[in-house]
Amino acid sequence: MEHGEPLDRVARIQADWRRERPDLDVSPQAVIGRLHRLADRLTEELALVYGRYGLGEGEFDVLCALRRAGEPYERAPGELAAHTMVTTGAMTKRIDRLERAGLVTRRRADDDQRGRIVALTGPGRELIDQAFTDHMRNERRLLDLLTPAEAASLETLLTGWLSRMDHPRAPGGE
C-alpha cells in the first residue's frame, strides 16, 4: 500500500490484531481476508444479474448445468448436484422452484423407472441464454477493473493455488 493511502478494512483489522496479539503472525490476512471480501463483493455483483431474471445463484447454476449439457439439455438430478457442487437435497429444492416456474421438467429415466431426468423447457433455454449472456457481460465488466496482464497473472496464481488445495501432495512426496 502506498504511503499516505488510507488503510483498507483488512489492513485495519490486521493492525488491531497486531496490537492485541503481537505474538501472532497476522500477515496471511492480507491475502485471505482480501480474497474473502472480494468473493463476497463479486457474489453481490453477480447476484444482481441473476435477480433481473428472477433467479437465485442456485437456480442460475442449475439452468447453466442443463444448458452446458447440450441437446437435449437434460441431466439426472445426481449429475446436476455434481455439476453444481450442492447436496441432492438442496438440488431437489432448486429443481422444484424451477419446475414451478416452467423452466424445467422432470420425467422418469428411460432406462430406469426409479430414476428421474431434469430437462430445460423452451422458455428455460431462452431465459438461461439471455441470463448467461448478461452474466458474461457482467463478469467482463468486473474483470476489466484489472489490466489484461493483471488478470492473466491472477488467473495463473489462482489456478495454481486451487490445484494445490484440491490435490495436496503428501509430505516428502513429489
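Which residue forms a salt bridge with Glu-99, and how far apart are the closest N and O atoms? The partner is Arg-106, and the closest N and O atoms of the pair are 2.8 Å apart; a salt bridge here is a side-chain nitrogen of Lys or Arg within 4 Å of a carboxyl oxygen of Asp or Glu. Glu-99 counts as partly exposed at 32% relative accessibility, and Arg-106 is likewise partly exposed, with a relative accessible area of 27%. For these labels, buried means under 20% relative accessible area, exposed over 50%, and partly exposed in between (1.4 Å probe, protein chains only).

The model is predicted, so local features need pLDDT of at least 70 and side-chain atom pairs count only at pLDDT 80 or more, while totals for chains, interfaces and linings use all residues. Residues are numbered from 1 along each chain as its sequence is written, and side-chain values use heavy atoms, with hydrogens and water left out.

Helices (H or I, at least four residues) and strands (E, at least two) are DSSP runs, numbered from the N terminus. Axes are lines fitted to C-alpha atoms, for helices over the stretch in contact, and angles run from 0 to 180 degrees between N-to-C directions.

Asp-129 lies in H6 and Arg-67 in H3, so the pair ties together parts that are 62 residues apart in sequence. Asp-129 is partly exposed at 29% relative accessible area, as is Arg-67 at 26%.

H3 packs against helix H4 (residues 77–84) as well, at an angle of about 110 degrees and with the axes 10 Å apart. This pair, too, is therefore roughly perpendicular. Asp-61, Val-62, Ala-65, Leu-66 and Arg-68 of H3 meet Leu-80, His-83 and Thr-84 of H4, giving 4 nonpolar, 2 polar and 2 charged residues.

Arg-94, in helix H5 (residues 88–100), is buried yet has no salt bridge. The nearest side chain of opposite charge, Asp-61, is 4.7 Å away (Lys and Arg count as positive and Asp and Glu as negative; His and the chain ends are not counted). Beyond its neighbours within four places in sequence, Arg-94 is in contact with Gly-58, Glu-59, Val-62, Thr-84 and Val-86.

The loop between H3 and strand E1 (74–75) holds Pro-72, which a cis peptide bond joins to Glu-71, with omega about 5 degrees. Tyr-73 is found in that loop too; its phi is positive, about 60 degrees, although Tyr-73 is not a glycine.

Note on methods:
Contact = heavy atoms within 4.5 Å. Parallel < 35°, antiparallel > 145°, perpendicular 65-115°, else oblique. Nonpolar A, V, L, I, M, F, W, Y, C, P; charged D, E, K, R; others polar.
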